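User: I have a structure here and would like to talk through its packing with you. Could you take me through it step by step?

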Amino acid sequence: MTVFTITGEVDPFLHVSMQQGDKIYCESGAMVMMEANLELKGRMTGGLGSALMRRFTNGESLFQQHIEAVRGDGDCLLSPALPGGMEVIEVGSTQYLLNDGAFVAATSGTEMKVRTQNLGNALFAQSGGFFVMETAGKGQVVVSGFGSMFSLDVEPDKDLIIDNSHVVCWDSTLRYELSVTTSSSGSGLGGMLGNLVNSATSGEGIVLRFSGRGKVFVCSRNPAAFAKLVSKGMTA
């Protein structure tokens, strides 16, 4: 049985302990080290169509790394593309939607599928455009976030409003919709449209509102804001 263990407090590794016959798959380039009993292959999981959908949906590579313990038990170390925390989530009775770049690795009993989302979220929320990644099957999926990670519980009559850039993944049964924090344009349809325009042009105020019952995993850093800061520093 494959065992995922997150090791290290700052920019941790994902330590994977595998028994002979175990299989996992991970994002291309995630493998750091593996023992000789393991075998790594690059595969276009689900065929060209599925690979292209994952590429355009969640920024994943066309080819994923598949690691199998073919010659006996063995361990490997994986690492996400961005520095930050990781979480091992159980999927089966609960499935999750993943934000861009959140996927790290998963056991072979799971699958990454594509799900459509509404027009408002597609245009403004930045979580995969018209499509978003959704887990399927049963097993474990490892996700990562930029910076530290934290889990939040959404409960009935206790909606959560979260900046989408800090959202890593969320329970697929949760309802989520675009929300605007500003209210300077007044109420009603005209006010809402004014707030949307203001938020879209200023980069402030657009968030996701989650409702229902389930978990949302968030990270402490905003990748887009960090990239902008680095770019500004390089050109200064």
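This is a predicted model: local features need pLDDT of at least 70, side-chain atom pairs count only at pLDDT 80 or more; totals for chains, interfaces and linings use all residues.

User: Which elements give two or more residues to the largest nonpolar core?

Analyst: This core has 17 residues, and Ile 89, Leu 98, Val 143, Val 168 and Cys 169 touch the most other members. The elements giving two or more residues are β8 (86-91), β9 (96-98), β10 (103-107), β13 (139-144), β16 (167-171) and β19 (214-219).

User: And what does Cys 169 touch, leaving out residues up to four places away in sequence?

Analyst: Cys 169 is one of the core residues that touch the most other members. With those sequence neighbours left out, its contacts are Ile 89, Tyr 96, Leu 97, Leu 98, Val 143, Lys 215, Val 216 and Phe 217.

User: Which residue in β19 is the bridge partner of Phe 150?

Analyst: Let's start with the strand itself: five of the six residues of β19 are buried. β19 pairs with β14 (residues 149-154) in the antiparallel sense, over six bridges. β16 also runs antiparallel to β19, joined by three bridges, and there Trp 170 stands opposite Val 216. For Phe 150, the partner in β19 is Val 218.

User: Is Val 32 buried, partly exposed or exposed?

Analyst: Val 32 is found in strand β4 (residues 31-34). Together with Phe 13 and Met 33, Val 32 forms a nonpolar surface patch with about 240 Å² of accessible area. Its relative accessibility is 46%, so Val 32 counts as partly exposed.

Methods: Residues are numbered from 1 along each chain as its sequence is written. Side-chain values use heavy atoms; hydrogens and water are left out. A nonpolar core is a set of buried Ala, Val, Leu, Ile, Met, Phe, Trp, Tyr and Cys residues joined through side-chain atoms within 4.5 Å. Buried means under 20% relative accessible area, exposed over 50%, partly exposed in between (1.4 Å probe, protein chains only). Helices (H or I, at least four residues) and strands (E, at least two) are DSSP runs, numbered from the N terminus. Contact means heavy atoms within 4.5 Å. Patches are made of residues with over 30% relative accessible area and no salt bridge: like charges are joined within 9 Å, nonpolar side chains (Val, Leu, Ile, Met, Phe, Trp, Tyr) within 5 Å. Accessible areas come from the Shrake-Rupley method with a 1.4 Å probe; for residues, only the protein chains shown count as cover. A salt bridge is a side-chain nitrogen of Lys or Arg within 4 Å of a carboxyl oxygen of Asp or Glu. Two strands pair if DSSP finds at least two bridges between them.
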